[in-house]
Each structure stands twice: as C-alpha cells, then as structure tokens.
Amino acid sequence: MQDPTPEGAGGGGARPDEERRGAAAAGPASGGASWLQRLFEEVRGSSQLSMAPAEPPPLTVAAVERYLAEAPLPPAAPQYWYDVTLADGACQQRCYLAPRLNGLVQRAQLRAGARLRLRRCSYLYDEKRLRYGFLCLEELEPAGGGGTEPPALPCRARRPPPLRGEKKHYLPLWNNEDPYGDMWVADKPQAQVDVDVSKLTSLGQLEMTWRSRAHFHPLLVRVLHKSRLRYYGKPEKKLDMPYQAYFEVADGSGMMSMVLWNSLCPEWYNSIKVGTVLLLEQYAIKTSYPFKTQPTPGDSQMKRFATIEISLNVRDPPTKISIIPEEMVKPDWGLPEVKYRFITRSELDGLPNNHSCDVIGLVTFVGRAERARKREHGEDFWLYRWAHAIDGTSDQPFILELFATSQPEVFEHIHPMTYLVCTQMRVVRDLTENPSSTIYLTTSNESQIFITGWHKGQPYTKDTKVKNFIQWTKTQSEADQMKKTVIGGYYPFPRPPNNFLKYCKNNKVESVLKAIGETGKEIEDLHYREHKRIAVQGIISAIRYISCSSAAEEASGMQLVQKDTSKILESSAVSKEDCVRKGKTTSLQTKEVKSSLGPHCPPGEQYQHQAVVSKKGSVKRKIPRRSNTNGEKGSASVTSVSSYPYFTRSARRKFGLSEFQHEEFVQDKNGQAVSDSLQYGTDREGMNDRPETAETGRSCDSWQSDLWAHVKDKLTKYLHHSTIFAESIPRKFDYVHKDLLMQQYNLHAAVHQPKETRTDKNINEFKSASGLGYYEVTVLGINHDIAIDVAFLPLFCPEDPHLFQLEDIQNDTLLSCMSCISSCQQKATSNGRLCDMFPLSNEIVKAAMDLDGKHVVCILDICHLGDDKVEVFLSKIYKTVEQPGVEPVESSKWCLKFFMAKAGKERYLLLQNEVPMSEAQALCVELEKIQCL
C-alpha cells in the first residue's frame with residue numbers, strides 16, 4: 001500500500017524531533033517548490049496562522065484516514081477525527097480536517113481520488129509538544145476534471161501516527177472490525193521449537209488447579225474457532241491498541257476460550273488461524289466473561305471448560321506465543337482435528353432457527369457493501385453485504401447475510417462464480433409468523449469466510465460435503481452458470497413481516513413510527529452506504545409507472561439526476577432544515593457545492609434532496625432525461641410538443657386520464673428535467689432552439705386519487721425521493737470487468753490506489769438484471785399537508801427466478817401487483833427489447849383504489865449512495881385497523897424500554913407492545929424498577 005504521508009513538509013508528517021528537519025526539507029517558498037509546500041510555509045509564518053489562498057489550484061485527495069478523538073471533547077463533538085492527504089503533483093501533504101467538515105467524509109463527498117480546491121486553512125500548534133504543528137483544512141471546494149496521480153513516495157518502515165492527539169494508529173474508514181494499516185503483521189514466522197511434552201499441562205488440569213497457582217506450565221493447543229476483532233476504544237481511555245479477539249482452543253482434555261489483548265492483536269491476529277497449533281507460555285488465567293458468544297463445536301462430544309479463559313497480553317505476564325508448523329505436529333500429542341457442520345441447501349429447510357452450520361456454494365449473486373448503525377445516533381457501524389450461493393442439491397440458493405469478519409481482503413473480493421465457504425453461520429427463520437417465509441443464514445461472531453484463492457490448506461478441504469460440492473462443480477457448464485450471475489444494486493431482503501405488530505417487535509429503535517415530515521431529516525442524517533428502514537403513516541395517493549429504454553440507458557453515460565429542489569416556501573411555517581437555497585438545483589455545480597463544503601453551513605443543512613413546494617404554486621412532476629448522444633455536447637433530448645395530443649383538465653377527467661399521462665419533458669441547462677407545459681410557457685424560445693426527437697426513451701402512465709387532486713396544490717411540503725440511481729440497479733456480472741464491478745459495489749477506499757490497467761466502461765453500460773422499469777408512488781401525509789414521492793423497484797431476473805423472493809410480498813396486494821411482470825413485458829424481455837410504454841394494469845389500479853383515502857403504514861428502505869445520492873424505496877404497505885374504544889397505537893407511539901445487564905453494560909430490548917398510552921405509562925413505571933435480568 002502506498003504511503004500517503006507528506007514528503008517535504010515538516011508539519012504534515014513529522015513528530016517533534018523531526019520538525020526542524022522537515023521544515024528544512026520543505027525549502028524556501030520559491031517558484032520551484034510545490035504549491036502545498038509554499039502554502040505550508042506561508043500559513044505557518046502568518047500572524048493569524050490562517051490563510052485563504054486567492055487562486056488555489058486543483059488538488060487530488062490521496063488518502064482520507066480516521067482515528068479516535070481524544071478527551072476532553074466539547075458537547076456533541078464527533079467521536080472520530082480525520083486526516084486528509086492532499087497531492088499537488090509534486091508532493092503530498094497530510095492535513096487535519098476541521099471536525100465541522102466531518103460530514104463531507106461521512107457522506108463520501110470528500111474521498112480518496114476526489115479533486116478539490118483548498119479555500120481556507122490554518123496552522124495548529126500542539127501546545128503539549130515542542131515545535132509541533134500541522135495544517136488544518138477549514139474550507140474546501142470541489143474541482144472537476146481528471147487529476148494527476150499522487151506522486152510515488154519512498155517506502156517507510158512504518159507509517160507515521162495521526163496528526164492530532166496521541167493515538168498511535170488509524171482505524172479503517174468505514175467500520176472498526178477490520179485490521180487496517182501496516183502495523184497489522186500479515187504472517188508471523190512459524191517457530192522451530194522442540195516441544196517437551198513432560199513440561200506441558202492440559203486444559204483440564206488448568207480448570208482444576210488454576211486458583212492455587214501463580215504461574216502455569218506451557219500449553220499446547222489447536223485453534224478450533226476464531227472471532228472477529230473487537231475495538232473497544234473510547235475518547236476518554238488512554239489505551240494505545242484497544243483491541244480484543246477471542247479464540248476457542250482445544251487439546252485432548254477439552255476446549256477453552258483464549259483472549260488476545262491490545263497490542264498482541266496487530267502482531268498475532270492474522271497469523272493465528274483456525275487449525276493453527278500454538279505453544280503458549282507465560283499466560284494468565286481469568287474468570288470467563290459470562291455474556292460472550294459461544295461457537296458451536298464441530299464435535300458435539302467435546303468437553304467445554306466455560307468458567308475460565310486464557311488471557312494473552314504484553315505484560316502481567318508478557319505472553320510468549322509460538323506457532324508450531326503442521327508438519328511438526330505429532331499424533332501422540334492428542335490434539336483434536338478441526339471438525340465442521342457442513343449442510344447442503346436441501347437440508348437447510350428442515351433446520352430450526354439459530355441452528356449453527358457451515359456452508360459451501362458457488363456464488364451467483366453478491367450485493368453491494370452496506371452499513372448499519374450499531375446504536376441509534378452513534379458513529380459506529382456494522383459492515384455487511386448479501387450473497388447467494390448454490391450447491392446443486394436444490395433449485396433454491398443459500399441466502400447469506402455476510403457481516404465483516406475482520407477479513408477485508410476476502411470480504412471485498414466476493415464476486416459471482418467464486419467458491420464461497422462460510423463457517424459458523426446461524427439459521428434465521430420464523431415459522432410462527434410465516435411458515436413459508438424465506439429462510440436465510442447470517443454470520444456469527446465466530447464466522448470465517450473464504451473464497452477461491454484462500455481454500456488451500458484450510459481444514460475443511462477434507463470434509464466429505466466439500467468434496468461432493470467440488471465434484472458437482474465439475475459437471476456444470478461455466479457458460480450456463482454465468483448467465484445467472486448478478487452483482488450489486490438494491491436488494492430488498494429480508495422483507496418486512498406480514499403484520500405491523502411483528503415489524504415493531506423486531507425493530508430496535510426508540511420510536512418505530514416517524515412523522516412523514518421527518519423523513520427529510522432521517523435522510524440528512526444518513527452516512528455513506530448506511531441502510532435504514534423506517535415506517536411512516538400516510539395515504540397512497542398517486543402511482544406512476546416509468547419504463548426505461550435499454551438503448552437510451554446504454555447510449556448515455558449520465559445517471560439519473562435528483563429532482564429540482566429549488567422551490568422555496570414563502571411561509572414561515574417551514575423549518576430551517578427543510579429549506580434549500582433559492583434558485584439552486586441538485587446539479588453539483590462548483591459554485592453551489594462550494595458553500596456546502598465551506599464552514600458557514602454544515603453539510604446536513606445543504607442536503608438538497610428535499611423539494612419544498614409553494615402553497616400557491618402547482619406541483620409539477622419531473623422526469624430526468626438523458627442526453628442526446630447524436631447531438632452536440634451539452635444538448636438535450638426534447639420531446640416535440642405536438643408528439644402527443646393535448647387534453648384539457650376537463651377532457652382528461654372525461655376520458656379518465658391522469659394529470660400525468662402524456663406529459664412531455666425536457667431538460668433545462670443544468671440537465672434538470674422540466675415539464676414541457678412549464679418550459680413551453682416560460683421559455684418557448686429556448687425550447688425552439690434545441691434539437692427535437694420523436695423518441696422519448698422514457699414514458700409513464702399513472703393513477704391518482706380524487707383526494708390527491710384536491711390537496712396537491714395546497715401542500716406545505718413536498719419531498720421528491722423517487723429517483724433511481726445507477727448504483728440501485730442490479731447488474732449482470734461480467735467476469736472480464738469483475739475488478740471494475742467489485743470496485744463499484746465496494747466502499748470507497750481510504751487510500752487512493754491507481755490501477756495499472758484502466759477501462760472507460762461505465763457502470764450504466766452493464767446490462768440490468770432487474771425488471772423493465774419502476775414505479776413512483778406518492779404518499780400523502782395523514783394531515784394532508786405533506787407528501788413524499790418514493791420509488792418501488794420490481795425486481796425480476798428471468799435467468800434466475802429465485803434471485804428476488806417475490807413470494808414474500810404476496811400478501812401485500814398493491815406491491816404484489818406492481819411486482820408482477822405483464823405478458824407484454826415478458827415478451828419484450830424474451831425478444832431482447834423493451835416496449836416504450838406499459839400502462840398500469842387493471843389489477844394495480846384496483847389495488848390502489850382499494851387503499852384510496854385509507855391510512856396505511858409504509859415501510860421505506862433508505863440508503864445513502866455517496867455525494868448527494870439517496871435512494872428511497874417502498875418495501876411494504878400495512879393497513880391500519882382502528883378498534884372502537886381502544887386508543888390508537890399511533891397516538892401512544894410504542895412503549896420501548898431498555899434495561900442494563902449488570903455485567904455487560906449492554907442495552908437490550910425489553911418490551912415493545914401495542915398498548916394504550918395509559919397502560920404503557922404504568923408499565924414504564926414498573927420497568928424503571930428493574931435493574932438486572
């Protein structure tokens with residue numbers, strides 16, 4: 001990995017004893033020095049220790065790295081700090097990012113490889129060190145165009161520590177569980193030691209005698225299970241390496257937990273693998289932590305010593321660890337072999353919930369990497385992705401929920417057509433709620449994952465079911481399997497349960513229902529690739545089907561642009577967070593984004609997905625258009641005004657046509673879609689100057705309720721979030737471009753790593769694996785004052801009907817109808833072409849009319865895709881039933897209370913019930929008295 005630290009700028013990477021030498025290396029502010037070097041000297045020499053460069057050149061972000069902040073922190077201060085390495089073509093400079101700009105990193109606007117201009121910076125001295133300081137980035141502006149590659153730097157034995165504070169290492173950018181940086185040793189050399197069996201003790205003897213001994217004889221054990229890393233650092237703690245990892249080790253007497261602590265983790269974690277034989281000396285014995293997870297041993301007869309655990313640390317006492325090569329292991333040592341619990345897909349349906357098993361399969365689908373917040377409003381995330389794998393024993397695949405297992409080199413390279421092994425997986429099913437619901441497997445704390453290239457030498461290669469799988473793959477046609485492979489995109493699994501009560505019981509947030517007006521704030525608070533599921537009450541008021549032409553999709557490199565957000569309420573009732581600057585659109589022009597990267601307005605307030613509509617103005621629907629590749633650069637496709645017959649509003653009602661049927665759309669100068677009726681009336685000359693085409697490439701048909709027709713012009717707020725982005729579409733896998741596809745659906749890397757071979761292929765050029773279009777659904781708030789447009793994406797893959805589990809929404813009439821592919825669409829798909837327009841089916845209209853005016857609960861899947869792109873998909877619709885004499889659950893919200901486990905200090909969900917407010921308050925009083933289990 002390239003060292004991203006600065007060269008030739010003393011404050012960027014030098015510690016105090018190197019400050020003078022680093023400044024000398026920077027040299028005078030001469031014309032030959034790099035711009036970053038000159039800036040460093042000028043800022044440090046200025047009276048205010050601050051500067052706003054007049055004409056800053058574009059810079060390339062070489063790295064963005066995260067580390068734990070240090071106490072004392074002001075209230076509501078971020079828990080993590082960031083160092084940003086900038087390159088100007090001549091040198092690199094590490095800089096500290098002002099914490100108020102952290103949102104730029106958290107939303108992936110500031111990322112490795114990006115281009116920017118430095119508008120303001122300052123120099124900060126560390127008052128606890130002699131002659132040590134660094135540049136602080138105060139205001140940034142995006143710069144378009146391709147950038148120069150960061151210069152190659154001399155290799156260093158160890159990368160320098162973070163700029164601010166006393167932390168010794170960086171963390172991975174997007175989670176805490178993965179090893180990151182060169183301090184993590186890849187492989188420790190195996191020891192050539194003579195094992196004196198007469199001096200060894202056994203785990204069974206330790207369990208009986210540990211209380212009476214201060215020092216213990218050496219242990220010879222084999223590793224049976226390995227947990228993911230746990231990072232337990234806090235700003236108020238002064239630990240250099242707050243890491244912990246559990247292992248289950250065994251000898252002939254039984255199995256016991258072993259804990260690797262702190263700085264031993266970077267040294268040994270990667271080298272201690274499942275199956276490794278260890279000689280342990282100078283270790284400690286501690287009472288076991290009672291709430292740790294327990295793996296399921298492959299040998300059910302093996303005795304487990306659960307009361308104590310082996311503690312390995314650098315002191316008290318300093319542990320000595322030796323890895324014994326497998327060829328030196330003697331049978332008379334009596335060490336157990338690693339055993340597994342492999343199952344086939346045909347056996348999975350008969351297994352109970354939470355059953356532990358191991359699986360192997362051929363990957364046919366892998367989803368994009370996403371993140372889930374560990375605690376509401378916290379800054380820590382779980383990293384996960386979904387995958388499908390087949391083993392030939394069933395027409396159904398294994399559906400796998402794969403959380404990061406501290407194996408980033410494996411997790412980031414899972415792709416279709418690889419052989420995937422997952423150990424210690426847990427079955428997830430709920431037979432009481434829906435016996436026919438889809439079953440899936442999820443990782444546990446002790447899961448390990450392996451792909452092609454990592455199987456050699458693994459103990460499971462001797463397993464019978466693994467050998468059977470390999471034999472099955474030899475009978476398969478690679479070309480036939482490739483047809484079924486899909487990568488990335490929106491994956492709506494697991495589907496919400498059949499009833500809202502079950503959904504609420506499964507939800508672990510303090511407020512299940514969100515006000516529809518709070519949706520914008522929920523979206524603002526999302527971090528990069530964070531996936532969240534929220535519930536809002538509303539009324540289904542309008543539906544529009546949008547069909548995309550594959551020809552237009554392949555011809556255009558443009559991705560869909562979010563809808564115009566320029567309309568500002570002239571009413572004082574609109575909150576600050578709902579307003580966007582007047583006259584601005586969501587096009588990321590330099591002048592507009594400059595303010596969002598500057599210090600005067602936090603990124604959250606600059607979020608431009610919300611569209612606020614004037615009370616007096618009418619609501620105009622807009623569809624983004626694609627550029628005309630045959631015209632000049634910057635021109636837009638325009639639908640002729642006369643290409644469709646014009647209907648007055650009364651004529652539309654007479655013929656049963658929707659307000660939105662046969663609307664024509666053009667693009668404004670910024671590429672933003674604008675209704676023809678609006679453009680024609682206000683800028684007819686501009687329209688006539690543009691080239692016209694009869695081909696629309698995109699068409700729609702719609703339904704709207706009578707209620708919507710009456711209230712849509714009187715809304716106080718109208719949120720538009722129905723855009724489908726390129727990252728939302730599952731793509732057919734192309735093995736030739738697998739590196740590009742994996743990069744697209746992984747997270748942005750912390751350090752910019754230029755590739756040796758480049759490709760001009762755009763993600764939109766890969767064939768879509770989903771259906772032929774999508775639906776825009778308008779949900780009106782139950783107070784008739786706010787509305788939101790969301791998308792519903794019917795997912796259908798003809799080559800693999802089991803990829804998207806449509807049966808999970810069969811009890812949801814409207815979404816089920818919208819998911820069905822009409823015979824016309826199926827015919828178009830089989831012919832390899834798409835029709836230009838598909839009207840809404842009678843079944844969809846009937847299902848929508850059945851919900852007309854009724855209060856429903858809509859489950860929305862929201863995910864931040866980076867920059868200003870957020871997808872909002874409708875996942876489920878629940879009907880609400882009010883019972884006479886019972887206070888509605890919506891008014892009482894949901895009684896959610898937590899209790900503290902006495903030893904673990906972890907928060908667990910205790911009660912989540914549908915009860916009237918009076919009963920909930922009484923229960924809360926009782927719950928406050930509970931102190932432990």
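User: Why is Glu530 called buried?

Analyst: Its relative accessible area is 2%. Buried means under 20%, exposed over 50%, and partly exposed in between, with a 1.4 Å probe and protein chains only. The value 2% is under the cut-off, so Glu530 counts as buried. Note that this is a predicted model: local features need pLDDT of at least 70, side-chain atom pairs count only at pLDDT 80 or more, and totals for chains, interfaces and linings use all residues. Residues are numbered from 1 along each chain as its sequence is written, and side-chain values use heavy atoms, leaving out hydrogens and water.

User: What makes the contact of Glu530 and Arg373 a salt bridge?

Analyst: The N to O distance is 2.6 Å. A salt bridge needs a side-chain nitrogen of Lys or Arg within 4 Å of a carboxyl oxygen of Asp or Glu. Glu530 and Arg373 meet that, so the term applies. Glu530 lies in the loop between helix 12 (519-524) and strand 24 (531-548), and Arg373 in strand 16 (residues 370-373), so the pair ties together parts 157 residues apart in sequence. Helices (H or I, at least four residues) and strands (E, at least two) are DSSP runs, numbered from the N terminus.

User: How do you know that Asp525 and Lys521 are partly exposed?

Analyst: Asp525 has 35% relative accessibility. Lys521 has 31%. Each value falls between the buried and exposed limits, so partly exposed is the label. Their side chains meet in a salt bridge at 2.7 Å, N to O.

User: Why does the pair Asp739 and Lys738 count as a salt bridge?

Analyst: The closest N and O atoms are 3.6 Å apart. That is within the distance limit, so the pair counts. Asp739 is partly exposed, at 42%. Elsewhere, shared partners join Glu376, Lys514, Glu522 and Lys532 into one salt-bridge network. The whole structure holds 28 salt bridges.

User: What makes Phe500 and Tyr878 a tilted pair?

Analyst: Their ring centres are 5.5 Å apart and their planes stand at 45 degrees, so the pair is tilted. Phe500 is in helix 11 (residues 500-506) and Tyr878 in strand 33 (residues 869-879), so parts 378 residues apart in sequence are tied together. Phe500 is buried at 11%. Tyr878 is buried at 3%. The search finds 35 aromatic pairs in the whole structure.

User: How do you know that the charge of Lys226 sits over the ring of Tyr269?

Analyst: The charged end of Lys226 is 4.1 Å from the ring centre. The rule asks for NZ of Lys or CZ of Arg within 6 Å of the ring centre and within 35 degrees of the ring normal. Arg385 lies over the face of Phe411 too, at 5.2 Å from the ring centre.

User: What makes strand 32 and strand 33 a pair?

Analyst: They are joined by 10 bridges and run antiparallel. Two strands pair if DSSP finds at least two bridges between them. The count meets that, so they pair.

User: Why is strand 32 called mostly covered?

Analyst: In strand 32 (residues 856-866), 11 of its 11 residues are buried. Strand 14 (residues 320-324) is mostly covered as well, with 4 of its 5 residues buried. Strand 14 runs antiparallel to strand 11 (residues 277-281), and 5 bridges join them.

How values were computed: Rings of Phe, Tyr and Trp (its six-membered ring) pair if their centres lie within 6.5 Å; planes under 30 degrees apart count as stacked, over 60 as edge-to-face and the rest as tilted.
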